[in-house]
Amino acid sequence: MLLLMDTANIKEIKQSIEMYPIDGVTTNPSIIAKEKRDFIELLKEIRDIIGYDKMLHVQVISQKADEIVEEAKYINKEIGGNLYIKIPVIPEGIKAIKMLKGEIKTTATAVFTPQQALIAAKSGADFVAPYVNRLDNISANGIKVVSDIVKLINIYNFNTKVIAASFKNVEQIYGVCMAGAHAITVNYDMINQLIFHPMTDWSVLQFVKDWENFYGNKKIRT
Ligand SMILES: O=C[C@H](O)COP(=O)(O)O
């Protein structure tokens, strides 16, 4: 299972990488714009922090296949290495994914149906990114969509991996992991929520209290 951070915030990336077993960073134009910085300069700084062993997913803006391909090549030239170009699953995006196959790795994004994922996988996308919470918000079932995509990829034996995205609670993350999603990308708040449980904190406090009742402030290692 791959765990990625869905952020372009330098502080959040540094802290998450220090704390958790992070495999890479995903961004999109909204996430990038929030940082109010030069696009390439920001991506280069992220690359410096995560290195080349962790993957970086960066999204294009254009909506015409030729221009998407040009943007993908430009980002690849500037950032390079362990890079995945995120391309929305509009028809021109699918065409661009086909054009880039074998040259630049791609992540088909803004996926809302198993059918979109299937076409993207057949076109050669390395990842498909279904948006779980945005589906739940329109009374659809995000976890079910992820589950169906995983099944279809297995039925047809595609090399494509599912990177489930857009989470607002840990239950959604648990659901897509149980459904066999190969990867999840979560924001800074969600990664901290994943590990939080009040009973864990309570238990730790209790251990310390019991220790101090007998040993006072004596440490295990003096
Ligand atoms: O790139 C896609 C994002 O992961 C979507 O997440 P969001 O619904 O929280 O904006």
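Student: How many Å separate an oxygen atom of the ligand from an N or O atom in the side chain of Tyr131?

Tutor: Please note that the model is predicted. For Tyr131, an N or O atom of the side chain lies 3.3 Å from a ligand oxygen atom. The side chain of Lys86 places an N or O atom 3.1 Å from an oxygen of the ligand, and for the side chain of Arg134 the corresponding distance is 2.7 Å. The protein covers 83% of the 310 Å² of accessible area that the ligand has on its own.

Student: Which residues are around the ligand?

Tutor: The shell consists of Asp6, Asn28, Lys86, Tyr131, Arg134, Ala165, Ser166 and Lys168. Sorted by class, four of these residues are charged, two are polar and two are nonpolar.

Student: Which residues lie nearest the centre of the largest pocket?

Tutor: Of the 27 lining residues, Asp6, Asn28, Ile31, Lys168 and Asn187 lie nearest the centre. By class, the lining has 12 polar, eight nonpolar and seven charged residues.

Student: Which helices and strands each supply at least two residues of that lining?

Tutor: They are helices H2 (29–34) and H7 (132–136), together with strands E5 (106–111) and E8 (183–186). H2 provides the largest share, three residues.

Notes: Residues are numbered from 1 along each chain as its sequence is written. This is a predicted model: local features need pLDDT of at least 70, side-chain atom pairs count only at pLDDT 80 or more; totals for chains, interfaces and linings use all residues. Side-chain values use heavy atoms; hydrogens and water are left out. A residue is near a molecule or strand if one of its heavy atoms lies within 4 Å of it. A polar contact is a pair of N or O atoms within 3.5 Å; within protein, one must be able to donate a hydrogen and the other to accept it, and residues adjacent in sequence count only if both atoms are side-chain atoms. Accessible areas come from the Shrake-Rupley method with a 1.4 Å probe; for residues, only the protein chains shown count as cover. Ala, Val, Leu, Ile, Met, Phe, Trp, Tyr, Cys and Pro count as nonpolar, Asp, Glu, Lys and Arg as charged, and the others, Gly among them, as polar. On a 1 Å grid over the protein atoms alone, a cavity is a set of points where a 1.4 Å probe fits but cannot get out, and a pocket is an open set with protein on both sides within 12 Å along at least five of seven lines; lining residues have an atom within 4 Å of a point. Helices (H or I, at least four residues) and strands (E, at least two) are DSSP runs, numbered from the N terminus.
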